[in-house]
Amino acid sequence: MAQGISVSRKEIWQITYPIIFGNLAQTIIVLVNTIFLGHIGAAELGAAMMAGLYYLVFTTFTQGFAIGVQILVARRLGEGNLREIGPIFEHGFLFTLLLGLSLFGVLHFCTASILGGIIHSDSIYTSAIKFMDFRKWGIIFVSMNYLFRCLYIGLSNTKIITYTTLAMAVVNILFDYALIFGHFGLPQMGVAGAGLSSVLAEITACIVFFFYTFAKLPYKEYDIFAFSTFRFNLLGHILKISLPTMFQRLISFGSWFLFFAMIEHLGEQEVAISGIVRSVFLLCTLTVFAYGSCANTLTSRLIGAGLQDEVPRTLRRILAISMATLIPILIIFSIFPEQIASIYTDDKLLAAHSVPALFVVYISSIMMAVAMIYFEFVSGTGRTTFALLIETGVLVFYMAYIYLATELLHFSIQFVWTADWVYSFLLMVGSVAFMKWYPWKYKDLKGNNKTI
């Protein structure tokens, strides 16, 4: 990357396409679980959606922490301070392991009472508990997977994410089919089988990450796995960057879980429709969040290299590529909406009722494409506290809209999903305002770039 020249389209794509595959990992788990369970019944479909979102709320702690590691790794790479990358990762590894164990304890002892206080339907609650009895065992492995993913994204070395995603997809599809329906001599476990297959997929990805890191990563160059003296000040520095992101992810996914909890109060059919819509929405925004991660990494790297003036042009380039990738997907999905919905269920009436909400999320995807790139830019500057403040303010309006739509006015399900329009628009406005008016290019009194 030459001085004064913004990042090329080729480089953006080389960084992003493996991240797309990485994002596909959890999406595949949701997609396959939704498709298979949708053919069993609405209660099982709703249970997997509710329990899966509940599980993701807990993963936001480790995901947010890993993003802090990613920001610091990308910054040190941009500065050319390669030997500091290893200690950052090592301290992150130890903290992630401890955090994962703590989260497992909460999932193990508190899940029944938490879900019992949120889910109204007895059939959905019973199936959700069966799902979580197995799903909870994956929390440590998914935490490690997030950390490894963010290490490689920060290094702009993302091919391994493709390999782990393929491994997860194969294992998840195979064991979902075998355990949900009882094929290949394995027991027919139904919704519990979906939980177990998801865990097996996450364990597989974690093993691939470890083997690849030891075999391919020049870890001596980065001083990874040297495990020198533990530095509390370094962990404190990582946490200073990570904590706002951890809370930001928590309130973001937590709000989404509450969104579906309020939908569950509307009825089992609305939950089933939302399960289908959520899965399609995740497919539509698969590239959106990947380009957001790219914007985060390149923002941090450009600032570390002293090229912060190139950041706005690079973001516009990322946005143009993101739209060029997203629009064809939405056109195809718009031509065949009922056929897309029918993939998830044998109930033709349920598929037909899902179509209006699908068009709502197609529009949401376009708005999200803009919002995520500029929101991830905010985190990429290292001002993660501002990212937290922006998201918190947005979610206040988002949750108020959802409460109004579900609990007071009882909107139809497609109008409830317009809440994502509110979220995306306000997130975009807050992030662009930060870029325009906050002095994120700040330099110290000696004229050097103020870094993190």
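Phe210 is partly exposed at 25% relative accessibility (buried is under 20% relative accessible area, exposed over 50%, partly exposed in between, with a 1.4 Å probe and protein chains only). The model is predicted, so local features need pLDDT of at least 70 and side-chain atom pairs count only at pLDDT 80 or more, while totals for chains, interfaces and linings use all residues. Residues are numbered from 1 along each chain as its sequence is written, and side-chain values use heavy atoms, with hydrogens and water left out.

Aromatic pairs were counted by ring geometry. Rings of Phe, Tyr and Trp (its six-membered ring) pair if their centres lie within 6.5 Å; planes under 30 degrees apart are stacked, over 60 edge-to-face, and the rest tilted. The count by this rule is 33 aromatic pairs. Phe93 and Phe210 form an edge-to-face pair, because their ring centres lie 6.1 Å apart and their planes stand at 90°. This pair links distant parts of the chain: Phe93 belongs to helix α3 (residues 85-118) and Phe210 to helix α7 (residues 191-216), 117 residues apart. Helices here are DSSP runs (H or I, at least four residues), numbered from the N terminus. Phe93 is buried, at 15% relative accessibility.

Phe148 and Phe209 are stacked, because their ring centres are 5.4 Å apart and their planes lie at 10°. Phe148 sits in helix α5 (residues 139-154) and Phe209 in helix α7, so this pair ties together parts 61 residues apart in sequence. Phe148 is buried, with a relative accessible area of 0%. Phe209 is buried too, at 1% relative accessibility. Ring pairs join Phe89, Phe93, Phe148, Tyr152, Tyr163, Phe209, Phe210 and Tyr212 into a cluster.

A charge also sits over a ring. Lys436 lies over the face of Trp437, 5.8 Å from the ring centre. The criterion is NZ of Lys or CZ of Arg within 6 Å of the ring centre and within 35 degrees of the ring normal.

Helix packing was examined next. Two packed helices are described by the angle between their axes and the distance between the axes. The axes of α2 (residues 42-79) and α4 (residues 122-135) come within 8 Å and cross at roughly 50°. α2 is therefore oblique to α4. Angles under 35 degrees are roughly parallel, over 145 roughly antiparallel, 65 to 115 roughly perpendicular, and the rest oblique. Axes are lines fitted to C-alpha atoms, for helices over the stretch in contact, with angles from 0 to 180 degrees between N-to-C directions. Residues of α2 that meet α4 include Ala43, Gly46, Met50 and Tyr54, and those on the α4 side include Ile124, Ala128 and Phe131. Contact means heavy atoms within 4.5 Å.

Two further helix residues were examined. Gly105, in helix α3, is partly exposed, with a relative accessible area of 22%. The C-alpha atoms of Gly105 and Lys136 are separated by 9.2 Å, although the residues are 31 apart along the chain. Trp421 lies in helix α17 (residues 419-437). Trp421 is partly exposed, at a relative accessible area of 30%. Trp421 touches Val360, Ile363, Ser364 and Met367, not counting residues up to four places away in sequence.

Phe184 is not a glycine, yet has a positive phi of about 60°. Phe184 lies in the loop between α6 (159-181) and α7, and is exposed at 60% relative accessibility. His410, also not a glycine, has a positive phi of about 55°. His410 occupies the loop between α15 (384-408) and α16 (413-416), and is exposed at 52% relative accessibility.

Definitions and conventions:
Helices (H or I, at least four residues) and strands (E, at least two) are DSSP runs, numbered from the N terminus.
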